[in-house]
Amino acid sequence: MHDLATKFANLTIQSDFIFKKVMSRKRICKHLLEELLQIEIADINYLEAEKTLEPEYTSRGIRLDIIVADDKNTHYNLEMQVKNNKNPDTDTYVLPKRSRYYQALLDIDLLQKGQPYDLLPPTFIIFICVFDFFEQDNYVYTFKKRCLENLELELPDEATTMILNTKGTHGDISKDIKSFYDYVNNHIVTTDFTKQIDDEISYLKLDTKVRREFMLMEARLLDERREGEAVGIAKGKEIGLAEGEAKEKLATAKRLFSMGLSVQDIAKATSLPIEQVEALQAEQA
């Protein structure tokens with residue numbers, strides 16, 4: 001418990017838990033969107049903080065940090081991304097396909113069964129990254145679908161993906177967005193906006209209910225990790241036993257070959273497929 005208390009005390013805006021709590025404050029989230037998009041928003045409504053979308057039990061569920069809708073029915077999904085993760089099996093970065101998957105599941109959730117497609121509202125998937133995914137030093141990378149044969153021709157599906165780079169140096173962003181980047185990177189308060197954020201985090205850390213919520217969440221995650229590790233260890237043992245048994249059967253088959261037994265008899269004695277015994281016989285010849 002002491003370790004969890006220390007961890008809670010050291011949380012910053014980069015933590016998913018703190019980011020969700022801070023962006024759940026309407027004045028902060030609304031101002032961030034207004035400054036980022038350079039628009040005026042009359043009001044925002046929270047659809048659900050950290051919503052889990054699982055359209056089918058066989059699908060991969062995702063947890064969305066913050067989903068809000070403004071007064072014009074534009075929907076925004078805000079996510080903090082601290083690590084530029086790779087899939088170890090394919091050695092490819094997961095962020096691009098993650099953004100695609102988030103967009104797809106968000107759309108499914110926004111369109112009720114039987115409704116026409118044109119009722120899909122405008123959406124923004126916004127990843128706040130503490131790394132430069134594209135290594136171009138831009139503050140912001142904004143993506144919409146365009147025609148390759150005519151780049152001025154845009155597909156008007158009203159879906160936008162924004163990759164924010166808090167380490168950026170190029171581009172046109174507002175003073176408050178730049179100060180937000182500095183705060184995310186280095187915990188530096190330079191404007192009234194980042195002071196509001198910093199004050200909110202200080203307030204959250206004094207709230208015993210918030211601290212208890214964090215500790216319960218961490219304990220649950222720890223249990224899930226331990227359960228996963230236990231399953232992995234058990235599976236590893238199972239695989240190891242199977243491999244050991246297979247090696248033992250092959251060694252037995254080789255000894256029986258040296259004793260002059262037939263392929264059929266060896267297959268029966270070892271429970272190996274005849275094809276495998278025949279292949280072993282060819283190797284022994």
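Are Phe-180 and Phe-193 buried or exposed? Both Phe-180 and Phe-193 are buried, where buried means under 20% relative accessible area, exposed over 50% and partly exposed in between (1.4 Å probe, protein chains only). The views below come from a predicted model, in which local features need pLDDT of at least 70, side-chain atom pairs count only at pLDDT 80 or more, and totals for chains, interfaces and linings use all residues. Residues are numbered from 1 along each chain as its sequence is written, and side-chain values use heavy atoms, with hydrogens and water left out.

**View A. Tyr-139 and Tyr-181 make one of the aromatic pairs.** The structure holds 10 aromatic pairs, counted when rings of Phe, Tyr and Trp (its six-membered ring) have centres within 6.5 Å; planes under 30 degrees apart are stacked, over 60 edge-to-face and the rest tilted. For Tyr-139 and Tyr-181 the centres are 6.1 Å apart and the planes sit at 50 degrees, so this pair is tilted. Tyr-139 is in the loop between strand 6 (123–129) and strand 7 (140–143), and Tyr-181 is in helix 5 (residues 175–186), so the pair ties together parts 42 residues apart in sequence. Helices (H or I, at least four residues) and strands (E, at least two) are DSSP runs, numbered from the N terminus. Both partners are tucked away: Tyr-139 is buried at 11% relative accessible area, and Tyr-181 is buried at 1%.

**View B. Phe-180 pairs with Phe-193.** This one is tilted too, at 6.4 Å centre to centre with 40 degrees between the planes. Phe-180 belongs to helix 5 and Phe-193 to helix 6 (residues 192–206), so the pair ties together parts 13 residues apart in sequence.

**View C. Five rings join up.** Ring pairs link Tyr-93, Phe-133, Phe-134, Tyr-141 and Phe-143 into a cluster.

**View D. Lys-7 meets Glu-218 in a salt bridge.** The N to O distance is 2.8 Å; a salt bridge here is a side-chain nitrogen of Lys or Arg within 4 Å of a carboxyl oxygen of Asp or Glu. The pair links distant parts of the chain, with Lys-7 in helix 1 (residues 2–9) and Glu-218 in helix 7 (residues 208–258), 211 residues apart. Lys-7 is partly exposed, with a relative accessible area of 40%, whereas Glu-218 counts as buried at 10%.

**View E. Lys-145 and Asp-157 bridge two loops.** Their closest N and O atoms are 2.9 Å apart. Lys-145 lies in the loop between strand 7 and strand 8 (146–147), while Asp-157 lies in the loop between strand 9 (150–154) and strand 10, 12 residues apart. Lys-145 is partly exposed at 44% relative accessibility, and Asp-157 is partly exposed at 32%.

View F. The closest N and O atoms are 2.9 Å apart. The two residues are four apart, about one turn of the helix. In general, an α-helix has 3.6 residues a turn, so residues three or four places apart point the same way. Lys-178 counts as partly exposed, at 30% relative accessibility.

**View G. Helix 2 (residues 16–23) is mostly covered.** Seven of its eight residues are buried, among them Phe-17, Ile-18 and Phe-19.
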